[in-house]
Amino acid sequence: MSFDDYTSQELMAIVLSRELVDGEVGEMGAYSEIPMAACKLARLTHAPNLCWWCSASSYLNSTGPLYHSSTDYRNIAGAEAVLHMNEAFFYAIPHYDFFFWGGIQMDPYGNSNLTAIGDYKNPKFRGPGCAALPTVSALPIKLYGYMNSHTTKTFVEKLDFITGVGHYLGGDSKSKVGIPEGGGPVLVVTPLAVMDFDEETKRMRLKSCHPGITVRDVQDNTGFKLILPEEVPETLPPIEQELAILREQVDPFGVLGKAKRR
Amino acid sequence: MYPKRKEKVVSIDDAVALIKPGSLVAIGGFMIHNHPMALIREIVRRKIRNLKIIPTPPGGGIDADLLIGSGVATTIYSSYAGAEWLAPVMPNYQRKIQSCEIENLEFDENTIICGYRASIQKLPCEITRGGLGSDMLEVNPLLKVFKDPITQSPLVAVPPIEPDVAIIHAQRSDPYGNIQHAGSVFMDALIASAAKKVVVSVEEVIPHEFITRDPFKTTMPCTLVDAVVRIPYGAHPCSSHAYYIHDEDHIRQYIKNCNVLEDYKVYLDRYVYGTKDNEEYLESVGGVRKIFELKLH
């Protein structure tokens, strides 16, 4: 096993995994290979009391190997509980601390578009739909963002459609539309970097660049001005033990192994 | 002589006859799992036009895409249509929204659930906070923001969504329509509760005694169900939870054939119009060898 040769998706799963807090409860949506790997890895390393629901089928803490489809019966085998999906709104969602967040576009405030690019009525690109983002974003919980593509087309100053509210227009604008305070995006992980948010303005700030990626690379691939701290550290690469557990116990079939890191 | 209890197992012809042109049709399952695909192919064969469809919240997939691509569905209440790693967005759904060929009402998972809950409770609306700040509220005229009379804070009112027919795929039923899902129930019980008529295709029809022996396993009681059709492998190419996995090769072929209109017509001719029933369809996708390959146990 070569530890220098890890994929972008493996790195993103490991970075997200480190952020997860032992004892917290959270959820990922469908089509969530990276967040699911992150949660499984966290429970096998620093966070044995982490509890995670997958909204697709509403199952808790599945323990088997990772499959592509979050709703695959084989992914659910080894879970601790399965709800009727609509029951999750009563028995699971009220206890969440966090949710995994993404989209086809993201803006500097972490708002997300999963619906349409271009004019809504005559879109250039139709996305899959709103999914659960408008509802999740009205909850006072942490949102861990992840985007599989980091370009000036995916990170834009203004969204063509706000599907899910991140920090809305910054400052206290979110509470003004009626969303309870205390939640919102805390982190965004991409194939290039990790970003967090300025505490006052709520704009996106570069936190670390992945190995081999410069601050310039990240800014050049971002369609708005990132807040750049004087010192931007390198993202800690996967350590041997993390990668071994990820590959041997979490993802033995290589679901995260297709795209080689550039 | 006292009358006998009525059985609900019917032919696919009688079941699909419940769906009229223009019906509002809700679909069970999720993404690439447990969709009533054999019922959907029969609807497409019969060209039951102008259907308004509601894929399961949030995730329809090839079910909605086949109804849209073949032209029988002209309106969609959409919260999501994708096939995860095989297709982040379903191709016909995407193409026909981009070219304005279908009407699209923008919901999210929870607002469709709210609509179903309003329908079940016979309420004029169900309320939620979900959607505040989202452009979903700007583009969907059915969703209204109002001020809660108790706290004066803004909330979203969702009107009832009452499907004319719900079509669902589950694993087992007794002759009277007591349904068992062997894996996830997804949103199926909620969808069935909200709809006027409910059609369920099942892998197996089991004796009534199997139900009464373990009533805890009943996931949808017969009071929710109007018609049951026995269609083994009726979810193909989707999975049927705990029975067989999805046919990844076939779904990939479907998605590839969506790229070119001519190829899509060939797909429909070969697998839908060109097969008279689910048995012929299963022969066309690989027959016994294929279905044994997909079988879970």
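Chain B is divided into domain 1, made of residues 12-108 + 162-294, and domain 2, residues 126-159, with bounds that come from an automatic or database domain assignment. This is a predicted model, in which local features need pLDDT of at least 70 and side-chain atom pairs count only at pLDDT 80 or more, while totals for chains, interfaces and linings use all residues. Residues are numbered from 1 along each chain as its sequence is written, and chains are lettered from A in the order in which they are written.

Taken over C-alpha atoms, the centres of domain 1 and domain 2 of chain B are 31 Å apart. Four residues of domain 1 of chain B and six residues of domain 2 of chain B take part in the contact between them, where two residues are in contact if their C-beta atoms, placed from the backbone, lie within 7 Å.

We can now turn to a sheet of chain B. Three strands form an open sheet in the order β5-β7-β6 (chain B), and their pairing is antiparallel; strands are DSSP runs of E with at least two residues, numbered from the N terminus, and two of them pair if DSSP finds at least two bridges between them. Because β5 (126-128) and β6 (144-147) of chain B stand at the edges with a single partner strand each, one side of each is left without a neighbour in the sheet.

Between β5(B) and β7 (residues 154-158) of chain B there are three bridges, in the antiparallel sense, and B:Thr128 has B:Val156 in β7(B) as its bridge partner. In general, strands of a sheet pair through backbone hydrogen bonds, either parallel or antiparallel.

Technical notes: Helix = DSSP H or I, 4+ residues; strand = E, 2+ residues; numbered from the N terminus.
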